[in-house]
Amino acid sequence: MQKRLILHIDMNSYFATCEQQANPFLRGKVVGVVAYMSPNGCIIASSKEAKKLGIKTGCLVKDAKKLCPEVVLIENEPAKYRSTTERIFNIFSDYTDRIEPYSIDEAFLDLTGYIKSWEQGEKITQEIKERIKAEVGEWLTSSCGLSWTRFLAKFASDICPKDSYLIIDSIPKMEQVFNSVKITEAWGIKTATERHLNRLGIFTLMDLKRHPVANLMQSFGKPGYYLWANANGIEIEGVRTQEELLPKSIGHSYCIPKQTNDPKYLSGILMKLCEKTGRRLRESNLQARGITAGYSLKYGGGFWQSHKTEDPLFTTQDIFKAAYKLIEPNWPQGKVYMLAVSVTRLQRFSGQLNLFYSPRQKNLTLALDKINDKFGEYTICSGTMWGTQDNAPDRVGFRKSVFIEEKKSAFTYE
Ligand SMILES: [Mg+2]
């Protein structure tokens, strides 16, 4: 079988570098990008200068200041990073149609068929790195990996020095690289997996490569096969384009412990479901153009309706309004035992919401997501949700509540 040619590109210290690109005064300085300004806030991205001093992602602002009192803190500006990403990805599209956007600063490019040799691949790698600097911003550096599987390409870009590239073009080269790094440097092998592997007598990537696949599968299940295949240069999933990656829908349903048709109580639950749905939508950097909402009644029957929306849904408020609009005219007459909401017709978040959409509302939503990510679900929530907290028994650990039935979407992000 002909080998594929897959290039993985990872921008270095992305958010901080975007800030340094936008403001030359910050270049060469210790920069920490924060979700919001507060001594208890945390650094969500640090510049390469900051990393050298040990200021990493997740570091508290007050600890960063101890490490470097001169650290320059900047509140994050997602729109800036997204527009930079768009310009970088535009360059990628000159080389292939098969691009998998892996995160805001990473992508896989399937160059199979577009180029014929590793030498050509190397030339293109250098060219893309240069074009990002020349056409998007001179301060923007990237690490690239070129190989024949998705795993090896990402592995190569992960382990090569910043602002450089590594090509793994053959099994001997792969083995040479495997021998030069620790097993936890491989993509997806964290310390817990390492301990598990150690118990099987696997300490290096070469041990993993040589280990009988049946043993690995017995001990890890299906992921055991993935570990083995990755270490043997066997492709598992290949590059998946944006469209192939999109889930069909994202949604949540809730079986209500206190069965009722009390509008205040039900709106509160609905708001929670919209919040959970919205969080997942935004985490995946998606927006929706459709909504489905409804309820089931205790003694049979219920109401379900879907609606295509003209404007994209992105914030929790958007989703709640759309869901409420469907349910409100058909308010349940009897006791409701289940409420559900899902967003459909998903697409990549364009950043261009409708004309009357306030960017502040969008930024506020993203900021609240970050706070809730750090301090726990519903640290900050809407007034409607607040009202439900006395009623709902799951104020803490809504996520873990046994009443929650998660409707699994077609695709779960890694
Ligand atoms: Mg990166």
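The axes of helix H1 (residues 14–22) and helix H4 come within 10 Å of each other, with a crossing angle of roughly 90°. The two helices, H1 and H4, are therefore roughly perpendicular. On the H1 side the contact is made by Tyr14, Phe15, Cys18 and Ala22, and on the H4 side by Lys80, Tyr81 and Thr84. By class, the residues of this contact of H1 with H4 comprise five nonpolar, one polar and one charged. These values, like those that follow, come from a predicted model.

The chain as a whole has 414 residues, of which 34% are buried. Its secondary structure consists of 16 helices and 13 strands. Of the contacts between residues at least 6 apart in sequence, 62% join residues at least 24 apart.

The axes of H4 (residues 78–92) and H5 (residues 118–136) come within 10 Å and cross at roughly 135°. The crossing in which H4 passes H5 is right-handed. In this contact, Thr84, Arg87, Ile88 and Ile91 of H4 meet Ile128, Arg131, Ile132, Glu135 and Val136 of H5. The contact of H4 with H5 is made up of five nonpolar residues, one polar residue and three charged residues. Thr84 of H4 is listed in the contact with H1 and again in the contact with H5.

Pro78 is also placed in helix H4. With 18 other C-beta atoms within 10 Å, Pro78 is partly exposed, because a residue counts as buried at 20 or more such atoms and as exposed at 12 or fewer. In sequence, Pro78 and Leu366 are 288 residues apart, while their C-alpha atoms are 8.5 Å apart in space.

Helix H5 has 19 residues and reaches 26 Å from its first C-alpha to its last, close to the 27 Å expected at 1.5 Å a residue. The buried residues in H5 include Gly121, Ile124, Thr125, Ile128, Ile132 and Val136. Among these, Ile128, Ile132 and Val136 also belong to the contact with H4. The cover over the buried residues of H5 includes H4 together with strand S1 (6–11), strand S7 (142–147) and strand S8.

A further pair is formed by H10 and H11. The axes of helix H10 (residues 213–220) and helix H11 (residues 222–231) come within 6 Å and cross at roughly 140°. That angle makes H10 oblique to H11. H10 passes H11 in a crossing that is right-handed. From H10, Val213, Leu216, Met217, Ser219 and Phe220 meet Pro223, Gly224, Tyr225, Leu227 and Trp228 from H11. Eight nonpolar and two polar residues make up the contact of H10 with H11, and no charged residues take part.

Most residues other than glycine have a negative phi. Asp163 has a positive phi of about 55° although it is not a glycine. The position of Asp163 is in the loop between helix H6 (150–159) and strand S8 (165–167). Asp163 has 14 other C-beta atoms within 10 Å and is partly exposed. Strand S8, at one end of this loop, is also part of the cover over the buried residues of H5.

Asn285 is likewise not a glycine and has a positive phi of about 55°. This residue follows helix H13 and lies in the loop between H13 and strand S10 (286–297). Asn285 counts as partly exposed, with 16 C-beta neighbours inside 10 Å. Helix H13 (residues 263–283) has 21 residues, and the distance from its first C-alpha to its last is 30 Å, close to the 30 Å expected at 1.5 Å a residue.

Ser249 lies in strand S9 (residues 249–260). With 19 other C-beta atoms within 10 Å, Ser249 is partly exposed. Ser249 and Leu346 are separated by 97 residues in sequence, and the C-alpha to C-alpha distance between them is 6.7 Å.

Note on methods. Residues numbered from 1 in each chain as written. Predicted model: local features only at pLDDT ≥ 70, side-chain atom pairs only at ≥ 80, totals over all residues. Helix = DSSP H or I, 4+ residues; strand = E, 2+ residues; numbered from the N terminus. Contact = placed C-beta atoms within 7 Å. Axes fitted to C-alpha atoms, helices over the stretch in contact; angles between N-to-C directions. Left-handed = near helix turned anticlockwise from the far one by under 90°. Nonpolar A, V, L, I, M, F, W, Y, C, P; charged D, E, K, R; others polar. Expected span 1.5 Å × (residues − 1). Parallel < 35°, antiparallel > 145°, perpendicular 65-115°, else oblique.
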